[in-house]
Amino acid sequence: MPSEENRRITDVGTLKALAHPLRADLYRLLCVERVATASQLAERVDEAVSLVSYHLRKLAEHGLIEEARPQSGDARERWWQAASDGVSIQDEDFRGEPGRAAAHLAATRLFHDQRTDRYRRYLDERATWSPEWNTAAIDNESWMRLTPTELTALKDELVALLRRYDEQGRAAEAAGGTERREHVALHMYGFPFRV
């Protein structure tokens, strides 16, 4: 069973293991699906099962995923799950040494590009979603003048709010409330800039 906490990644090896495009997709899928086999994941990412199995083993070597309790009676199936509720990658853990900083920057750019691609897919498919879902979808940009302390407090409050809604949704789903429930991605960025 995955731990409830986000795993904080502080070493370059684990960061690089996750920052492979296919591995990042597989990790996200396991976070969303909770448990899956290599075959199920291979179908979702349209890749060969052998390739997906290889990348799952690499994620497991770094403790990002782990074997899950079998979900069927087929002993040949190997089930996987995320080893934690998610991951946390902090800039402060990769400062100072140019190689560490470069690895962090490359990973951050990859994750951002993948998030942007996912949002673009939603935009391309928007017509297939109901008006109610399209009204509920968020596309917001805010301009504020804050101190680093205020931005940190805002971040902490937003993360706590997101966790509360996630826990509420998971509890409702576990109690059978699956009708009209969909996966929802919420991407937030808060960063300083100068004009």
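Analyst: In this predicted model, E2 and strand E4 (residues 79–82) pair in the antiparallel sense, over two bridges. Within this pairing, Thr37 stands opposite Trp79 in E4. The sheet is open and has three strands. Their order is E2-E4-E3, and the pairing is antiparallel. Strand E2 (36–37) and strand E3 (65–67) are the edge strands, since each of them pairs on one side only. Helix H2 (residues 21–33) packs on this sheet. H2 touches E2, E3 and E4. The direction of H2 makes about 90° with that of E4.

Now to the other parts. Trp129 sits in the loop between helix H5 (98–125) and helix H6 (131–136). Trp129 has 30% relative accessibility, so it counts as partly exposed. Leaving aside residues up to four places away in sequence, Trp129 touches Tyr122, Asn134 and Glu182. Ala102 lies 27 residues from Trp129 along the chain, and 39 Å separate their C-alpha atoms.

Next, the surface. A nonpolar patch there is formed by Ile138, Leu158, Val159, Leu161, Leu162, Tyr165, Leu186 and Met188. Together these residues have about 680 Å² of accessible area. One of them, Leu186, is found in the segment after helix H7 (148–174). Leu186 counts as partly exposed because its relative accessibility is 42%.

Terms used: Residues are numbered from 1 along each chain as its sequence is written. This is a predicted model: local features need pLDDT of at least 70, side-chain atom pairs count only at pLDDT 80 or more; totals for chains, interfaces and linings use all residues. Side-chain values use heavy atoms; hydrogens and water are left out. Helices (H or I, at least four residues) and strands (E, at least two) are DSSP runs, numbered from the N terminus. Buried means under 20% relative accessible area, exposed over 50%, partly exposed in between (1.4 Å probe, protein chains only). Contact means heavy atoms within 4.5 Å. Patches are made of residues with over 30% relative accessible area and no salt bridge: like charges are joined within 9 Å, nonpolar side chains (Val, Leu, Ile, Met, Phe, Trp, Tyr) within 5 Å. Accessible areas come from the Shrake-Rupley method with a 1.4 Å probe; for residues, only the protein chains shown count as cover. A salt bridge is a side-chain nitrogen of Lys or Arg within 4 Å of a carboxyl oxygen of Asp or Glu. Two strands pair if DSSP finds at least two bridges between them. Axes are lines fitted to C-alpha atoms, for helices over the stretch in contact, and angles run from 0 to 180 degrees between N-to-C directions.
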